[in-house]
Amino acid sequence: QVQLVESGGGLVQPGGSLRLSCAASGFTLDYYAIGWFRQAPGKEREGVSCVSSRGSSTYYAGSVKGRFTISRDNAKNTVYLQMNSLEPEDTGVYYCAAEDGIMPAQTMCDRRYGMDYWGKGTRVTVYS
């Protein structure tokens, strides 16, 4: 069964950290571009961070640059999003997505929809 499963979300105070995981099963992530997207209530889905299939390019939305880091562990078939210095504006449901083939990281993040596979999301709440 092909699926992506996110984990690691939760409640955190401003300035805190979380590490999200996106574990793939039923297929190998090596050849896929992977992205993290988030959706806050009443807002459009946003591409937060993406990495190309071979890790040759990464992209970060301006609002998270310098605070978030995307990484992939192909041996574990998992992609991570390390989120530091969290802000209330980072609140939302975070989804990971996978797209087969060669796709630049920024292209994937800009696209926001229509990827081959999506997880069901993990909720992040940053509260004072």
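This is a predicted model: local features need pLDDT of at least 70, side-chain atom pairs count only at pLDDT 80 or more; totals for chains, interfaces and linings use all residues.
View 1. Residues are numbered from 1 along each chain as its sequence is written, and side-chain values use heavy atoms, with hydrogens and water left out.

**View 2. Aromatic pairs, with Phe27 and Tyr117.** Rings of Phe, Tyr and Trp (its six-membered ring) pair if their centres lie within 6.5 Å; planes under 30 degrees apart count as stacked, over 60 as edge-to-face and the rest as tilted. The rule gives 4 aromatic pairs. In one of them, the ring centres of Phe27 and Tyr117 are 4.7 Å apart and the planes stand at 35°, so this pair is tilted. Phe27 belongs to the loop between β3 (18-25) and β4 (32-39), and Tyr117 to strand β10 (residues 117-118), so the pair links distant parts of the chain, 90 residues apart. Strands (E, at least two residues) and helices (H or I, at least four) are DSSP runs, numbered from the N terminus. Phe27 is buried at 10% relative accessibility, while Tyr117 is partly exposed at 27%. Phe27, Tyr32 and Tyr117 make up one aromatic cluster.

**View 3. Phe37 against Trp118.** Phe37 and Trp118 form a tilted aromatic pair, with 5.1 Å from centre to centre and 55° between the planes. Phe37 lies in strand β4 and Trp118 in strand β10, 81 residues apart. Phe37 is buried, with a relative accessible area of 0%.

**View 4. Arg45 over two rings.** A charge sits over a ring if NZ of Lys or CZ of Arg is within 6 Å of the ring centre and within 35 degrees of the ring normal. The charged end of Arg45 sits over the ring of Trp118, 4.5 Å from its centre. Arg45 also lies over the face of Tyr95, at 5.4 Å from the ring centre.

**View 5. An open sheet of 4 strands.** The strands follow the order β1-β3-β8-β7 with antiparallel pairing; two strands pair if DSSP finds at least two bridges between them. At the edges stand β1 (3-7) and β7 (68-73), each with a single partner strand, so one side of each has no neighbour in the sheet. Antiparallel strands β1 and β3 are joined by 5 bridges, and Ser7 stands opposite Ser21 in β3.

Methods
Buried means under 20% relative accessible area, exposed over 50%, partly exposed in between (1.4 Å probe, protein chains only).
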